[in-house]
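Work through the exercises below with the sequence and the model side by side. Try each task before reading its solution.

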Amino acid sequence: MLLLIDSLPILAQAAVITVFLAIVSMVMGLIIGLFVALARISSNQWFRRLAMAYVSLIRGTPLLVQIYVVYYGLPQVGISLDPIPSGILALSINAGAYLSESFRAAIESVDKGQMEASFSLGMTYPEALRRIILPQCIRTALPTVGNTFIGLLKDTSLVSVITVTELLQSASLIIARTFQPLLLYLEVGFIYWVFSTGFSMIQDRIELRAARHVRK
Amino acid sequence: MAIIEVSGIHKKFGNSEVLKDICLEVEESQVVVIMGPSGSGKSTLLRCMTFLEEPDAGVVRMDGLEVQAGSPDRYRHKLIRQLRQNTGFVFQHFNLFPHKTALENIMEGPLVVKKASEKEAKELAEELLRKVGLSDRASHYPALLSGGQQQRVAIARALAMQPKVMLYDEPTSALDPELVREVLQVMKALANEGMTMVVVTHEMAFAKEVADRVIFMDDGYVVEDGTAKEIFESPVEERTRKFLNAIAI
């Protein structure tokens with residue numbers, strides 16, 4: 001019992017790294033995902049193919065392999081990144097692929113009359129996207145985007161393999177000293193659960209707020 | 001001089017040719033009603049006039065601005081946007097922006113396209129809402145408006161760009177019968193102010209009362225073109241007669 005309490009400050013510190021990794025990767029993943037989604041529905045077939053190849057490659061390979069490629073592979077071609085930037089890069093590229101699919105589905109779910117109405121007023125494609133289409137997508141995309149974030153939060157544990165002292169890694173370090181794996185891994189699991197549940201409660205709030213105009 | 005000049009418009013969807021060499025001129029302040037069975041090409045023609053549908057061939061001249069059918073390039077896109085700014089378009093299903101209030105829907109065009117100030121756009125939008133009789137609905141979202149109210153907001157939204165011409169694509173066919181009149185009244189008032197209008201509709205009474213000209217289309221052709229009286233009382237073509245009989249029942 002004492003161990004649980006003693007380890008808490010160290011784990012709390014590591015949890016900050018975990019949440020930081022998840023949030024930064026999410027923001028970058030959202031940007032990547034948006035552009036990939038736009039490329040995916042563009043009228044230029046090369047953009048479309050490139051986007052499809054990206055999504056297929058990322059979804060078809062394990063995140064762990066992607067992390068190894070970034071951290072151990074890229075130095076061979078002269079790109080050496082520290083563990084944390086490597087982790088963020090791999091996680092963002094990974095999340096970007098999944099998010100692009102959520103965005104694409106959301107954009108395609110907006111009635112095509114919305115684009116036509118925007119055009120009929122004389123708007124350009126980017127204006128219509130920014131003012132009319134994307135704001136309506138947010139509501140549709142929110143559930144899957146929220147799930148991606150919670151998945152991402154848990155996936156950050158994988159960057160422990162490249163020596164980032166996030167939650168899982170820091171628990172392993174304590175275990176190496178105390179030989180109490182069951183207790184500590186359960187404790188770490190519980191901390192992930194608290195964060196996941198907390199963020200999904202926030203997600204529910206945001207979804208409710210976003211739906212307020214559509215309710216009758 | 002005609003304010004709308006459409007010539008040589010062809011349009012194919014796959015193998016079926018929906019518009020076959022359409023030519024049409026509309027004078028300033030004229031109200032033209034286009035009728036015809038479904039699939040006759042009337043909506044496609046209207047959509048081709050603002051390039052919501054790309055015609056395969058032909059020329060559209062709208063208030064002196066000429067756009068040819070052809071491959072998309074930057075210059076042509078710009079011309080098309082200019083043409084659309086001068087041409088209000090009203091859709092069958094209103095297509096209001098659901099995430100914006102009635103007032104914001106009307107402000108959107110002036111704000112984004114004309115770069116009007118928030119204050120200018122708001123004043124204009126308020127005036128237009130008054131014009132369509134919906135001042136008390138300014139802060140309502142579309143989901144809280146009836147179909148007839150939504151369509152009146154949509155008309156006001158189109159008018160906010162201060163167009164020279166208004167095009168209506170079956171503006172009342174998605175409405176419950178008791179809501180049709182309020183929309184037609186707004187349209188009639190606009191016609192009386194001298195707005196040039198092209199209306200695809202099956203509303204015979206509206207055509208008789210408001211239209212200067214009625215065009216009957218079938219199978220991608222303009223079959224008959226005349227005053228409402230001519231078309232309704234003494235149609236020359238057999239096809240026109242058949243259609244009028246069918247919708248009279």
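The exercises that follow treat a predicted model.

Residues are numbered from 1 along each chain as its sequence is written, chains are lettered from A and ligands numbered from 1 in the order in which they are written. In this predicted model local features need pLDDT of at least 70, side-chain atom pairs count only at pLDDT 80 or more, and totals for chains, interfaces and linings use all residues, while side-chain values use heavy atoms, with hydrogens and water left out.

**Exercise 1.** Find which elements of chain A have the lowest and the highest mean pLDDT.

Solution. pLDDT is the predictor's confidence in each residue, from 0 to 100. For chain A the mean is 93, and 98% of its residues reach 70 or more. Among the elements of chain A, the lowest mean, 91, belongs to helix 7 (residues 167–178), and the highest, 97, to helix 2. Helices (H or I, at least four residues) and strands (E, at least two) are DSSP runs, numbered from the N terminus.

**Exercise 2.** Describe the surroundings of A:Ser100.

Solution. First, locate A:Ser100 in helix 4 (residues 83–109) of chain A. Next, take its relative accessibility: A:Ser100 counts as buried because the value is 1%, where buried means under 20% relative accessible area, exposed over 50% and partly exposed in between (1.4 Å probe, protein chains only). Then look at its side chain, which has a polar atom 2.8 Å from the backbone oxygen of A:Ala97. Finally, leaving aside neighbours within four places in sequence, A:Ser100 is in contact (heavy atoms within 4.5 Å) with A:Gly33, A:Val36, A:Ala37 and A:Val55.

**Exercise 3.** Determine how the buried residues of helix 3 of chain A are arranged.

Solution. Helix 3 (residues 63–73) of chain A has these buried residues: A:Leu63, A:Gln66, A:Ile67, A:Val70 and A:Tyr71. Down the axis of helix 3 of chain A they fall within an arc of 115 degrees, so they line one face of the helix; the arc is that of the directions from the helix axis to the C-beta atoms. They pack against helix 2 (45–59), helix 4 and helix 6 (125–155) of chain A.

Notes:
A polar contact is a pair of N or O atoms within 3.5 Å; within protein, one must be able to donate a hydrogen and the other to accept it, and residues adjacent in sequence count only if both atoms are side-chain atoms.
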